[in-house]
Amino acid sequence: MNRLALRIGTALALAAGLAGTGVLAQQTKPARNFDAEIRTAVESAKTAAGFEFLGTLVRICLLPQSGGENTNDTLPDYVARPASAPARETWYAEPAKVFDDLYFVGGKIHSSWALTTSQGIILFDTIYPYNSEELIVGGMKRLGLNPGDIKYVLISHAHADHIGGAEMLQKRYGARIVMGGADWQSVEKYPNRYKTMAPKRDIVATDGMKITLGDTTVTIWETPGHTPGTLSYTFAVRDKGRPVNVAYSGGTAFNFVNNTPNPGIQNFQTYINSQRHMAEQAAATRATVILSNHSEFDSAVNKNRMLAGRGNGPHPFEVGADGVQRYFQVMQGCARAAQLRLEQQLAP
Ligand SMILES: [Zn+2]
């Protein structure tokens, strides 16, 4: 008998002995080690973040999250008393031409992007009511763009830092507003919260919907989670004539009910499924650029500065197809860790 056979023989004899005493029959699955599972999920997010996505990692893996959905319908302070709006130096950033046909007209923390086409402009997100005039309208003019050419405004989700300028752009320029169905409902449900920001109901986005203007098409992806109607996008831009594919992620923080297992576990699953869905679309379109509506997540303001000194070097927004996938792994890893903490609460 060789040594391995001997060991197997011993194990079988031991198992037979245990079965004889009924011990084996009573054995159940070992208890889950939630702490280890949580550590693994956080570790996967940390590894995926590398140096590029630390802002996202910190925001959703480390900082405390809001516990639930906002059901207040109160008038924001900066609408009630415009003088109380945050000081300009806390949000102002220079506008920038980032690709041949994509312009940054956002601020230090929140982004807005203008995509030029042969038939006008598609605008992504509109910041707050108190700074959309200077950053978007003013920024476009400084870059030589005509805000009157805005034909579509795509709102990633109905929070004041993204929908703030939508009413103004609809009224002033007749731009068509595109938003997820559930977020249109929020806007209609909370008239005070959205005062001065609420566009009249217009285009209700659906998964896979294409918005085509002239020679350019943006594809919309439903990515519920951050809000029930959160949207993300894929589209192509050009860098010195070369086509480059972009994935635009429309909602990041855990703003849904997540402080109790029910419905927190399911809400995290919705969020995780959305990130998988968007990662698949990014892979299918070979996206090498990840954009966000928050410059803290895609480092847009820093990258705009790097662009100025780019010369013939690589484009600072191009993180590669692998980098784009890693971005969505950060979101999934952090959400999974938070979901596991709720599962742990339910464990016996
Ligand atoms: Zn938001």
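Contact here means heavy atoms within 4.5 Å. By that criterion, four residues of helix H4, namely Thr56, Leu57, Ile60 and Cys61, meet Tyr327, Val330, Met331 and Cys334 of helix H14. The structure is a predicted model. By class, the contact of H4 with H14 has seven nonpolar residues, one polar residue and no charged residues. Helix H4 spans residues 54–62, and its axis comes within 9 Å of that of H14. The two axes cross at roughly 15°. Angles under 35 degrees count as roughly parallel, and H4 and H14 are therefore roughly parallel to each other. Their crossing is right-handed.

Helix H14 has a further partner in helix H11. H11 covers residues 261–284 and H14 covers residues 320–346. Their axes also come within 9 Å, but the crossing angle is roughly 165°. Angles over 145 degrees count as roughly antiparallel. H11 and H14 are therefore roughly antiparallel to each other. H11 passes H14 in a left-handed crossing. The make-up of this contact is 16 nonpolar, seven polar and three charged residues.

Helix H11 also contains Gln281. This residue is buried because its relative accessible area is 15%, and the cut-off for burial is under 20%. Leaving aside residues up to four places away in sequence, Gln281 touches Trp221 and Thr234.

Glu222 belongs to strand S9. Its relative accessible area is 34%, so Glu222 is partly exposed. With residues up to four places away in sequence left out, Glu222 touches Ala205, Thr206, Asp207, Thr230, Leu231 and His277. A separation of 9.3 Å was computed between the C-alpha atoms of Glu222 and Gly250. These two residues are 28 residues apart along the chain.

The model includes a zinc ion. Its protein donors are His157 through NE2, His159 through ND1 and His226 through NE2. The donors lie 2.1 to 2.2 Å from the ion. In sequence, the donor residues follow the spacing H-x1-H-x66-H. The pair His159 and His226 links distant parts of the chain, 67 residues apart. His159 sits in the loop between strand S5 (150–154) and helix H8 (160–163). His226 sits in the loop between strand S9 (216–222) and strand S10 (231–239). Solvent accessibility was computed for both residues. His159 is partly exposed, as its relative accessible area is 22%. His226, at 9%, is buried.

The chain has 348 residues, and buried residues make up 50% of them. Contacts between residues at least 6 apart in sequence were also classed by separation. Of these contacts, 69% join residues at least 24 apart.

Terms used. Residues numbered from 1 in each chain as written. Predicted model: local features only at pLDDT ≥ 70, side-chain atom pairs only at ≥ 80, totals over all residues. Heavy atoms only, no water. Axes fitted to C-alpha atoms, helices over the stretch in contact; angles between N-to-C directions. Helix = DSSP H or I, 4+ residues; strand = E, 2+ residues; numbered from the N terminus. Parallel < 35°, antiparallel > 145°, perpendicular 65-115°, else oblique. Left-handed = near helix turned anticlockwise from the far one by under 90°. Nonpolar A, V, L, I, M, F, W, Y, C, P; charged D, E, K, R; others polar. Donors = N, O, S within 2.8 Å, 3.2 Å for Na, K, Ca; no water. Buried < 20%, exposed > 50% of the residue type's maximum accessible area, 1.4 Å probe, protein only.
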